[in-house]
Amino acid sequence: MAPSDPPGSPAPSSPRHKAPSSAARASATAARRSMSPVGLPQLPNAPVPGAAAPRVKSRGVSQPLGAYRTLTRTLYFCVNGRPALRTVMGYMYTIGNQSLIFLAVVMSFIGMIVVYQGGLQLLRVIPDMSQLGATYLELLVKDLAATICALMLATRVGAGIAAELGSMTVTEQIDALRMCATDPIDYLVRPRFLASIVMTVVLVIVAGTLAGLSGMWTAEAFFQVRPSVFVNFDQVDLGDVCVGLCKCVAYGAAIPIISASSGLSARGGSEGVGSATTRAVVNCSLAIIVLDFVITSLGYVVFE
(Lines give C-alpha, C1' and ligand atoms only; values in the text may rest on other atoms or scores of the structure.)
Protein backbone atom coordinates (compact mmCIF):
# COMPACT_ATOMS: atom_id res chain seq x y z
CA MET A 1 0.00 0.00 0.00
CA ALA A 2 1.41 3.40 -0.96
CA PRO A 3 1.33 6.07 1.74
CA SER A 4 -1.47 8.59 1.30
CA ASP A 5 -0.61 12.19 0.58
CA PRO A 6 -1.01 14.62 3.42
CA PRO A 7 -4.18 16.73 3.38
CA GLY A 8 -3.90 20.02 1.38
CA SER A 9 -0.99 18.92 -0.78
CA PRO A 10 -1.42 19.49 -4.59
CA ALA A 11 -2.27 16.51 -6.67
CA PRO A 12 0.58 15.26 -8.84
CA SER A 13 0.13 16.15 -12.49
CA SER A 14 -0.36 13.27 -14.86
CA PRO A 15 2.24 12.89 -17.61
CA ARG A 16 -0.60 12.99 -20.19
CA HIS A 17 -1.76 16.48 -19.11
CA LYS A 18 1.44 18.46 -18.95
CA ALA A 19 1.10 22.26 -19.27
CA PRO A 20 2.26 23.48 -22.73
CA SER A 21 5.49 25.38 -22.82
CA SER A 22 5.78 28.98 -24.07
CA ALA A 23 7.29 27.82 -27.38
CA ALA A 24 4.39 25.45 -27.99
CA ARG A 25 1.85 28.16 -27.23
CA ALA A 26 3.57 30.59 -29.65
CA SER A 27 3.59 27.93 -32.39
CA ALA A 28 -0.11 27.20 -31.90
CA THR A 29 -0.96 30.92 -32.05
CA ALA A 30 0.98 31.36 -35.30
CA ALA A 31 -0.76 28.32 -36.77
CA ARG A 32 -4.17 29.70 -35.90
CA ARG A 33 -3.34 33.07 -37.45
CA SER A 34 -2.19 31.43 -40.69
CA MET A 35 -5.49 29.61 -41.12
CA SER A 36 -8.19 31.08 -43.38
CA PRO A 37 -11.76 31.50 -42.08
CA VAL A 38 -12.68 28.06 -43.50
CA GLY A 39 -9.80 26.33 -41.77
CA LEU A 40 -7.39 26.03 -44.70
CA PRO A 41 -3.84 27.37 -44.61
CA GLN A 42 -3.33 30.58 -46.52
CA LEU A 43 -0.73 31.05 -49.21
CA PRO A 44 2.28 33.23 -48.31
CA ASN A 45 1.19 36.07 -50.62
CA ALA A 46 -2.58 35.67 -50.24
CA PRO A 47 -4.45 38.85 -49.34
CA VAL A 48 -5.89 39.14 -45.86
CA PRO A 49 -9.72 38.99 -45.89
CA GLY A 50 -11.20 42.45 -45.52
CA ALA A 51 -7.93 44.23 -46.27
CA ALA A 52 -7.65 46.78 -49.08
CA ALA A 53 -6.12 45.62 -52.33
CA PRO A 54 -2.51 46.69 -52.80
CA ARG A 55 -1.94 49.58 -55.17
CA VAL A 56 -0.17 48.75 -58.40
CA LYS A 57 2.79 50.91 -59.23
CA SER A 58 2.88 52.44 -62.67
CA ARG A 59 5.41 51.09 -65.10
CA GLY A 60 6.26 54.58 -66.35
CA VAL A 61 5.61 56.29 -69.63
CA SER A 62 8.29 54.70 -71.76
CA GLN A 63 8.46 50.98 -72.52
CA PRO A 64 10.83 50.75 -75.46
CA LEU A 65 11.93 47.18 -74.81
CA GLY A 66 8.40 45.81 -74.60
CA ALA A 67 7.33 47.63 -77.76
CA TYR A 68 10.50 46.47 -79.56
CA ARG A 69 9.86 42.82 -78.64
CA THR A 70 6.24 43.14 -79.70
CA LEU A 71 7.28 44.65 -83.04
CA THR A 72 9.88 41.98 -83.81
CA ARG A 73 7.53 39.10 -82.94
CA THR A 74 4.72 40.69 -84.95
CA LEU A 75 6.94 41.04 -88.02
CA TYR A 76 8.03 37.41 -87.57
CA PHE A 77 4.45 36.16 -87.50
CA CYS A 78 3.54 38.38 -90.45
CA VAL A 79 6.01 36.31 -92.48
CA ASN A 80 5.66 32.88 -90.86
CA GLY A 81 2.22 33.02 -89.26
CA ARG A 82 -0.94 31.31 -90.41
CA PRO A 83 -3.25 33.18 -92.80
CA ALA A 84 -6.02 35.14 -91.06
CA LEU A 85 -7.66 37.17 -93.83
CA ARG A 86 -11.14 37.09 -92.30
CA THR A 87 -9.82 38.29 -88.94
CA VAL A 88 -7.86 41.08 -90.60
CA MET A 89 -10.95 42.16 -92.52
CA GLY A 90 -12.93 42.32 -89.29
CA TYR A 91 -10.35 44.57 -87.67
CA MET A 92 -10.20 46.70 -90.81
CA TYR A 93 -13.90 47.38 -90.37
CA THR A 94 -13.43 48.17 -86.67
CA ILE A 95 -10.47 50.48 -87.22
CA GLY A 96 -11.50 52.02 -90.53
CA ASN A 97 -15.25 52.23 -90.99
CA GLN A 98 -16.02 53.08 -87.38
CA SER A 99 -13.40 55.87 -87.41
CA LEU A 100 -14.37 57.44 -90.72
CA ILE A 101 -17.04 59.85 -89.47
CA PHE A 102 -14.88 60.95 -86.56
CA LEU A 103 -11.88 61.70 -88.78
CA ALA A 104 -14.02 63.32 -91.47
CA VAL A 105 -15.47 65.83 -89.01
CA VAL A 106 -12.11 66.56 -87.37
CA MET A 107 -10.20 67.03 -90.62
CA SER A 108 -12.95 69.19 -92.15
CA PHE A 109 -12.74 71.64 -89.27
CA ILE A 110 -8.94 71.48 -89.27
CA GLY A 111 -8.95 72.42 -92.97
CA MET A 112 -11.23 75.38 -92.40
CA ILE A 113 -9.22 76.63 -89.43
CA VAL A 114 -5.84 76.36 -91.15
CA VAL A 115 -7.00 78.08 -94.35
CA TYR A 116 -8.78 80.85 -92.47
CA GLN A 117 -5.84 81.59 -90.20
CA GLY A 118 -3.38 81.32 -93.07
CA GLY A 119 -5.43 83.69 -95.18
CA LEU A 120 -5.57 86.26 -92.40
CA GLN A 121 -1.81 86.14 -91.95
CA LEU A 122 -1.27 86.36 -95.70
CA LEU A 123 -3.43 89.48 -95.94
CA ARG A 124 -1.20 91.23 -93.42
CA VAL A 125 1.85 90.70 -95.64
CA ILE A 126 0.62 90.86 -99.23
CA PRO A 127 -2.91 91.13 -100.61
CA ASP A 128 -2.25 88.39 -103.19
CA MET A 129 -4.12 85.18 -102.26
CA SER A 130 -3.21 83.16 -105.34
CA GLN A 131 -0.66 81.00 -103.48
CA LEU A 132 -2.90 80.22 -100.53
CA GLY A 133 -4.18 76.98 -102.02
CA ALA A 134 -0.78 75.81 -103.26
CA THR A 135 0.85 76.33 -99.86
CA TYR A 136 -2.01 74.70 -98.01
CA LEU A 137 -2.13 71.63 -100.26
CA GLU A 138 1.61 71.10 -99.93
CA LEU A 139 1.33 71.22 -96.14
CA LEU A 140 -1.70 68.92 -96.23
CA VAL A 141 -0.08 66.26 -98.42
CA LYS A 142 3.31 66.31 -96.77
CA ASP A 143 2.48 66.54 -93.08
CA LEU A 144 -0.87 67.77 -91.86
CA ALA A 145 -3.24 65.03 -93.03
CA ALA A 146 -1.17 62.07 -91.86
CA THR A 147 -0.15 63.53 -88.50
CA ILE A 148 -3.55 64.85 -87.42
CA CYS A 149 -5.31 61.65 -88.48
CA ALA A 150 -2.76 59.55 -86.62
CA LEU A 151 -3.18 61.57 -83.43
CA MET A 152 -6.95 61.09 -83.64
CA LEU A 153 -6.54 57.36 -84.28
CA ALA A 154 -4.24 57.10 -81.27
CA THR A 155 -7.03 58.38 -79.03
CA ARG A 156 -9.62 55.99 -80.43
CA VAL A 157 -7.92 52.90 -81.86
CA GLY A 158 -4.92 52.90 -79.54
CA ALA A 159 -7.02 53.24 -76.41
CA GLY A 160 -9.37 50.49 -77.60
CA ILE A 161 -6.56 48.02 -78.30
CA ALA A 162 -4.87 48.71 -74.96
CA ALA A 163 -8.12 48.37 -73.01
CA GLU A 164 -9.13 45.14 -74.75
CA LEU A 165 -5.77 43.41 -74.39
CA GLY A 166 -5.35 44.77 -70.85
CA SER A 167 -8.69 43.27 -69.81
CA MET A 168 -7.69 39.94 -71.32
CA THR A 169 -4.39 40.07 -69.46
CA VAL A 170 -5.77 40.80 -65.99
CA THR A 171 -8.51 38.16 -66.41
CA GLU A 172 -5.86 35.56 -67.39
CA GLN A 173 -7.23 35.03 -70.89
CA ILE A 174 -3.75 35.62 -72.29
CA ASP A 175 -2.42 32.84 -70.06
CA ALA A 176 -5.21 30.59 -71.32
CA LEU A 177 -4.11 31.25 -74.90
CA ARG A 178 -0.56 30.26 -74.03
CA MET A 179 -1.79 27.07 -72.37
CA CYS A 180 -3.60 26.25 -75.62
CA ALA A 181 -0.27 26.59 -77.50
CA THR A 182 -1.42 29.85 -79.15
CA ASP A 183 0.91 32.82 -79.22
CA PRO A 184 -0.97 36.00 -78.22
CA ILE A 185 1.14 38.09 -80.61
CA ASP A 186 0.14 35.90 -83.54
CA TYR A 187 -3.51 35.60 -82.54
CA LEU A 188 -4.25 39.10 -81.24
CA VAL A 189 -1.60 41.61 -82.34
CA ARG A 190 -0.76 40.60 -85.90
CA PRO A 191 -4.29 41.04 -87.35
CA ARG A 192 -4.61 44.45 -85.71
CA PHE A 193 -1.17 45.43 -87.00
CA LEU A 194 -1.97 44.60 -90.64
CA ALA A 195 -5.44 46.14 -90.48
CA SER A 196 -4.11 49.33 -88.92
CA ILE A 197 -1.48 49.86 -91.62
CA VAL A 198 -3.96 49.43 -94.46
CA MET A 199 -6.77 51.47 -92.94
CA THR A 200 -4.52 54.30 -91.77
CA VAL A 201 -3.44 54.92 -95.37
CA VAL A 202 -7.05 54.79 -96.59
CA LEU A 203 -8.37 57.03 -93.82
CA VAL A 204 -5.64 59.63 -94.34
CA ILE A 205 -6.44 59.82 -98.06
CA VAL A 206 -10.18 60.18 -97.46
CA ALA A 207 -9.86 62.61 -94.55
CA GLY A 208 -7.18 64.63 -96.35
CA THR A 209 -9.47 65.00 -99.36
CA LEU A 210 -12.24 66.31 -97.11
CA ALA A 211 -9.79 68.71 -95.48
CA GLY A 212 -8.83 70.02 -98.90
CA LEU A 213 -12.49 70.52 -99.88
CA SER A 214 -13.30 72.32 -96.63
CA GLY A 215 -10.26 74.55 -97.09
CA MET A 216 -11.34 75.34 -100.63
CA TRP A 217 -14.81 76.33 -99.41
CA THR A 218 -13.30 78.53 -96.69
CA ALA A 219 -11.03 80.30 -99.16
CA GLU A 220 -13.93 81.05 -101.48
CA ALA A 221 -16.32 82.11 -98.69
CA PHE A 222 -13.98 84.41 -96.75
CA PHE A 223 -11.28 85.48 -99.21
CA GLN A 224 -13.05 85.24 -102.59
CA VAL A 225 -10.49 82.76 -103.91
CA ARG A 226 -12.02 80.73 -106.74
CA PRO A 227 -11.68 76.91 -106.60
CA SER A 228 -9.77 76.89 -109.90
CA VAL A 229 -7.16 79.16 -108.29
CA PHE A 230 -7.13 77.39 -104.94
CA VAL A 231 -6.60 73.89 -106.35
CA ASN A 232 -2.97 74.34 -107.33
CA PHE A 233 -0.56 71.42 -107.00
CA ASP A 234 2.47 73.22 -108.41
CA GLN A 235 4.30 73.04 -105.08
CA VAL A 236 3.45 69.35 -104.50
CA ASP A 237 6.08 67.01 -105.95
CA LEU A 238 6.82 63.29 -105.77
CA GLY A 239 8.91 63.69 -102.64
CA ASP A 240 6.01 65.22 -100.74
CA VAL A 241 3.74 62.32 -101.70
CA CYS A 242 6.37 59.73 -100.69
CA VAL A 243 6.96 61.43 -97.34
CA GLY A 244 3.21 61.53 -96.67
CA LEU A 245 2.75 57.84 -97.52
CA CYS A 246 5.74 56.85 -95.38
CA LYS A 247 4.20 58.69 -92.45
CA CYS A 248 0.90 56.88 -92.96
CA VAL A 249 2.59 53.47 -92.88
CA ALA A 250 4.80 54.36 -89.91
CA TYR A 251 1.90 55.75 -87.88
CA GLY A 252 -0.30 52.80 -88.77
CA ALA A 253 2.36 50.40 -87.53
CA ALA A 254 3.27 52.31 -84.38
CA ILE A 255 -0.24 52.68 -82.95
CA PRO A 256 -1.15 48.96 -82.62
CA ILE A 257 2.35 47.92 -81.52
CA ILE A 258 2.61 50.46 -78.70
CA SER A 259 -1.00 49.95 -77.64
CA ALA A 260 -0.68 46.16 -77.61
CA SER A 261 2.54 46.36 -75.63
CA SER A 262 0.85 48.54 -73.02
CA GLY A 263 -2.19 46.27 -72.84
CA LEU A 264 -0.18 43.06 -72.48
CA SER A 265 1.80 44.60 -69.60
CA ALA A 266 -1.32 45.55 -67.61
CA ARG A 267 -1.44 44.30 -64.02
CA GLY A 268 -3.74 44.70 -61.05
CA GLY A 269 -7.33 44.60 -62.23
CA SER A 270 -9.33 47.58 -63.44
CA GLU A 271 -6.77 50.08 -62.13
CA GLY A 272 -4.05 48.42 -64.16
CA VAL A 273 -6.23 48.44 -67.29
CA GLY A 274 -6.89 52.17 -66.86
CA SER A 275 -3.18 52.87 -66.42
CA ALA A 276 -2.34 50.78 -69.50
CA THR A 277 -4.91 52.66 -71.60
CA THR A 278 -3.57 56.04 -70.51
CA ARG A 279 -0.02 54.90 -71.13
CA ALA A 280 -0.93 53.69 -74.61
CA VAL A 281 -2.45 57.02 -75.67
CA VAL A 282 0.49 59.01 -74.28
CA ASN A 283 3.12 56.75 -75.85
CA CYS A 284 1.35 56.65 -79.22
CA SER A 285 1.06 60.43 -79.34
CA LEU A 286 4.72 60.85 -78.42
CA ALA A 287 5.78 58.26 -81.01
CA ILE A 288 3.78 60.03 -83.72
CA ILE A 289 5.47 63.37 -83.00
CA VAL A 290 8.93 61.79 -82.98
CA LEU A 291 8.27 59.84 -86.18
CA ASP A 292 6.98 63.01 -87.82
CA PHE A 293 10.25 64.78 -87.14
CA VAL A 294 12.40 61.81 -88.19
CA ILE A 295 10.56 61.09 -91.45
CA THR A 296 10.40 64.77 -92.38
CA SER A 297 14.13 65.15 -91.80
CA LEU A 298 14.92 62.04 -93.85
CA GLY A 299 12.64 63.22 -96.64
CA TYR A 300 14.40 66.57 -96.72
CA VAL A 301 17.78 64.83 -96.98
CA VAL A 302 16.64 62.39 -99.69
CA PHE A 303 14.42 64.55 -101.90
CA GLU A 304 15.84 68.07 -101.50
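Is Ala 181 buried or exposed? Ala 181 is exposed, at a relative accessible area of 73%. The views below start with the whole chain and return to this residue later.

This is a predicted model: local features need pLDDT of at least 70, side-chain atom pairs count only at pLDDT 80 or more, and totals for chains, interfaces and linings use all residues. Residues are numbered from 1 along each chain as its sequence is written, and side-chain values use heavy atoms, with hydrogens and water left out.

**View 1. The protein chain holds nine helices and zero strands.** From the N terminus on, the elements run α-α-α-α-α-α-α-α-α. Helices (H or I, at least four residues) and strands (E, at least two) are DSSP runs, numbered from the N terminus. The chain has 304 residues, and 37% of them count as buried. Buried means under 20% relative accessible area, exposed over 50%, and partly exposed in between (1.4 Å probe, protein chains only). Take the contacts between residues at least 6 apart in sequence: 85% join residues at least 24 apart. A contact means heavy atoms within 4.5 Å. The accessible surface is about 18,200 Å², with 66% belonging to carbon and sulfur atoms. Areas come from the Shrake-Rupley method with a 1.4 Å probe; for residues, only the protein chains shown count as cover.

**View 2. Two helices, H3 (85-125) and H6 (184-223), each supply at least two residues of a nonpolar surface patch.** The members are Leu 100, Ile 101, Val 105, Phe 109, Ile 113, Val 198, Val 202 and Val 206. Together they have about 680 Å² of accessible area. H3 gives the most, with five residues. Val 206 lies in H6 and is partly exposed, at 34% relative accessible area. Patches are made of residues with over 30% relative accessible area and no salt bridge; like charges are joined within 9 Å, nonpolar side chains (Val, Leu, Ile, Met, Phe, Trp, Tyr) within 5 Å.

**View 3. The largest pocket holds about 420 Å³ of space.** Its lining has 19 residues, with Leu 140, Val 141, Ile 205, Gly 208 and Thr 209 nearest the centre. Helix H4 (132-170), H6 and helix H8 (238-264) are the elements that give two or more lining residues. H6 gives the most, with seven. On a 1 Å grid over the protein atoms alone, a pocket is an open set of points with protein on both sides within 12 Å along at least five of seven lines, while a cavity is a set where a 1.4 Å probe fits but cannot get out; lining residues have an atom within 4 Å of a point. Grid points are joined across faces, edges and corners, and a volume is the space filled by probe spheres set on the points.

**View 4. The whole structure has one cavity of 30 Å³ or more.** The volume of the largest cavity is about 40 Å³. Its lining consists of Lys 142, Asp 237, Gly 239, Asp 240, Val 243, Gly 299, Tyr 300, Phe 303 and Glu 304. H8 and helix H9 (269-303) each supply at least two of the lining residues.

**View 5. Lys 247 meets Asp 143 in a salt bridge, 2.7 Å from N to O.** Asp 143 sits in H4 and Lys 247 in H8, 104 residues apart. Lys 247 counts as buried, at 0% relative accessibility. Asp 292 also forms a salt bridge with Lys 247, the closest N and O atoms being 2.7 Å apart. This pair joins H9 to H8 across 45 residues. Asp 292 is buried, with a relative accessible area of 12%. Shared partners join Asp 143, Lys 247 and Asp 292 into one network. A salt bridge is a side-chain nitrogen of Lys or Arg within 4 Å of a carboxyl oxygen of Asp or Glu. A search of the whole structure finds seven.

**View 6. Arg 178 and Asp 175 form a salt bridge at 3.4 Å, N to O.** They are three residues apart in helix H5, so about one helical turn separates them. Asp 175 is partly exposed, at 40% relative accessibility.

**View 7. Glu 172 and Ala 181 lie in loops, one between H4 and helix H5 (173-179), the other between H5 and H6.** Glu 172 has a positive phi of about 65° although it is not a glycine. Glu 172 is exposed, at 54%. Ala 181, also not a glycine, has a positive phi of about 60°.

**View 8. Arg 69 and Ser 261 are 8.7 Å apart in space, C-alpha to C-alpha.** In sequence, 192 residues separate them. Arg 69 belongs to helix H2 (residues 64-80) and is exposed, with a relative accessible area of 52%.
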